[in-house]
Amino acid sequence: SDREINLSKSAEFIYNPFMANLNDKRILNKLYQELSMNVQENLVTEFMELNSYLARFTDHMIGMQHYNLTAESDPSIVDFFKLCDIKIDIDGMSFLERIIDYVKLVHGILRKEIFVFVGLKDLYMYKTYYHMWKFCVKV
C-alpha cells in the first residue's frame with residue numbers, strides 16, 4: 001500500500017535505551033485514563049464511598065487545625081491515582097525485560113507501531129538482540 005505514515009504519531013524513537021522509562025508521563029497519563037474508565041464502568045459505588053470518606057476525613061483533620069486551611073472538595077479519580085503513586089513496577093527487571101515491557105506499553109497504550117532504537121545492537125550480543133527483534137516483530 002502507498003499510504004503515508006506520520007512518524008510523530010506512529011513511531012517511537014529511543015536514542016538512549018537505558019533511558020527508556022516505563023513510567024514516562026505520557027504512558028502514565030494514558031494508563032490513568034484507562035484505569036479511570038474502568039472505575040467509571042465497574043467501581044462507581046466504591047469510588048463514591050471512598051471519596052465521601054476522604055472528604056469527611058479531610059474536613060475533620062482541617063477542623064482540628066488552628067489555621068485557615070482548605071482542600072479540594074471533589075478530587076478526581078486521576079488525582080487519587082497520583083496520590084497513591086500508581087505506576088509500572090520495574091523492580092527486579094533486567095535491562096532487556098524493561099525494553100520489552102517498554103515496547104509492549106508504548107504499543108498497547110500509546111498505539112505506536114514503529115520502534116527505532118539507536119545503538120541497541122551495540123549493547124548486546126547478537127543472540128539477545130535477535131530474541132528482542134523477534135519479540136518486536138510479533139507486536
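The model is predicted, and local features were considered only at pLDDT of at least 70, side-chain atom pairs only at pLDDT 80 or more, while totals for chains, interfaces and linings use all residues. Residues are numbered from 1 along each chain as its sequence is written, and side-chain values use heavy atoms, with hydrogens and water left out.

Side chains of opposite charge can pair when their charged atoms come close. Arg26 has a relative accessible area of 35% and Asp24 one of 22%. Both values fall in the partly exposed class, which lies between buried (under 20% relative accessible area) and exposed (over 50%), as computed with a 1.4 Å probe on protein chains only. Arg26 and Asp24 also belong, together with Glu12, to a network of salt bridges.

A further salt bridge links Asp85 and Lys87, whose closest N and O atoms are 3.5 Å apart. Asp85 is partly exposed at 46% relative accessibility, and Lys87 is likewise partly exposed at 49%.

In helix α5 (residues 95-109), Asp101 and Lys104 form a salt bridge with an N to O distance of 3.9 Å. These two residues are separated by about one helical turn, because they lie 3 residues apart in the helix. Lys104 is partly exposed, at 45% relative accessibility. Helices here are DSSP runs (H or I, at least four residues), numbered from the N terminus.

The crossing is left-handed, that is, the near helix is turned anticlockwise from the far one by less than a right angle. Arg26, Ile27, Lys30, Leu31 and Glu34 of α2 make the contact with Tyr102, Leu105, Val106 and Ile109 of α5, contact meaning heavy atoms within 4.5 Å. Of these residues, 6 are nonpolar, none is polar and 3 are charged; Ala, Val, Leu, Ile, Met, Phe, Trp, Tyr, Cys and Pro count as nonpolar, Asp, Glu, Lys and Arg as charged, and the others, Gly among them, as polar.

Terms used. A salt bridge is a side-chain nitrogen of Lys or Arg within 4 Å of a carboxyl oxygen of Asp or Glu.
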